[in-house]
Amino acid sequence: MHLTALILFLGLVWPVGPPAEIVRGWQPPPSPYAAGHRGVDLAAPPGTPVAAPAAGTVTFAGPVGGRGVVTLTLPGSGTPPLRTTFSPVEPLVAAGTRVPAGAAIARVAPGTHCPESCLHWGLLRGDRYLNPLLLVPRGPSRLLPVGGDRVGPGGEGPVPER
């Protein structure tokens, strides 16, 4: 199934937000063991509810490396199925729980992943990391003029500096 069709099929929603403020984007590593950022960080203070972005089954809820993690497996998303992960969190559901899209599955926990409190959101298919922002609706793109010139109303040329 093509990813666009899959998004419509799964009825995906933002885990916090919508849309959440992205404080650090996805930066895939050049190789499996190289440095990178294998997910996105969404601004969220401790205690913020984390929603299941799609219906799925919680396949892990517990500590990993001293941080709370929840993993949600999305059935019907291909082989192997997509898995989405959240940390640092306090799980609200146990492994094996089936949840609908939008259900609260965790709360953001205090952590040291970001300078300010955030939710780290990851997406995997098998052992391959993907950009989780592919799963949620985004606002329209806006083109900016080359060189940073501001354009007046109706697009009639640069706005004079004051």
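Modeller: A pocket, as the word is used here, is an open set of grid points with protein on both sides within 12 Å along at least five of seven lines, and its volume is the space filled by probe spheres set on those points. The model is a predicted one, and in it the second largest pocket holds about 170 Å³ of space. The residues that line this pocket are Val-64, Arg-67, Val-69, Thr-85, Phe-86, Ser-87, His-120, Leu-124 and Tyr-129. Three strands, E5 (67-74), E6 (82-87) and E10 (118-125), are the elements that give two or more residues to that lining, and E6 gives the most, with 3 residues. Sorted by class, the lining of the second largest pocket has 5 nonpolar, 3 polar and 1 charged residues.

Staying with strand E5 for a moment, Thr-71 has its place in this strand, and Thr-71 counts as buried because its relative accessibility is 9%, where the cut-off for buried is under 20%. Leaving aside residues up to four places away in sequence, Thr-71 touches Thr-57, Val-58, Thr-59 and Phe-60, and also Arg-83, Thr-84 and Thr-85. Thr-85 is also one of the residues that line the second largest pocket.

The largest pocket has a volume of about 200 Å³, and its lining is made by Pro-28, Pro-29, Ser-31, Pro-32, Arg-38, Asp-127, Arg-128 and Tyr-129. By class, that lining has 4 nonpolar, 1 polar and 3 charged residues.

Turning to the strands, 3 of them form an open antiparallel sheet in the order E3-E9-E7. Strand E3 (49-51) and strand E7 (89-91) stand at the edges with a single partner strand each, so one side of each is left without a neighbour in the sheet. From one strand to the next, the twist averages 40°. Strands E3 and E9 (residues 104-108) run antiparallel and are joined by 3 bridges, and the bridge partner of Pro-49 in E9 is Arg-107.

Conventions: Residues numbered from 1 in each chain as written. Predicted model: local features only at pLDDT ≥ 70, side-chain atom pairs only at ≥ 80, totals over all residues. Heavy atoms only, no water. 1 Å grid on protein atoms, 1.4 Å probe; cavity = no way out; pocket = protein on both sides within 12 Å on 5 of 7 lines; lining within 4 Å. Nonpolar A, V, L, I, M, F, W, Y, C, P; charged D, E, K, R; others polar. Helix = DSSP H or I, 4+ residues; strand = E, 2+ residues; numbered from the N terminus. Buried < 20%, exposed > 50% of the residue type's maximum accessible area, 1.4 Å probe, protein only. Contact = heavy atoms within 4.5 Å. Pairing = 2+ DSSP bridges. Axes fitted to C-alpha atoms, helices over the stretch in contact; angles between N-to-C directions.
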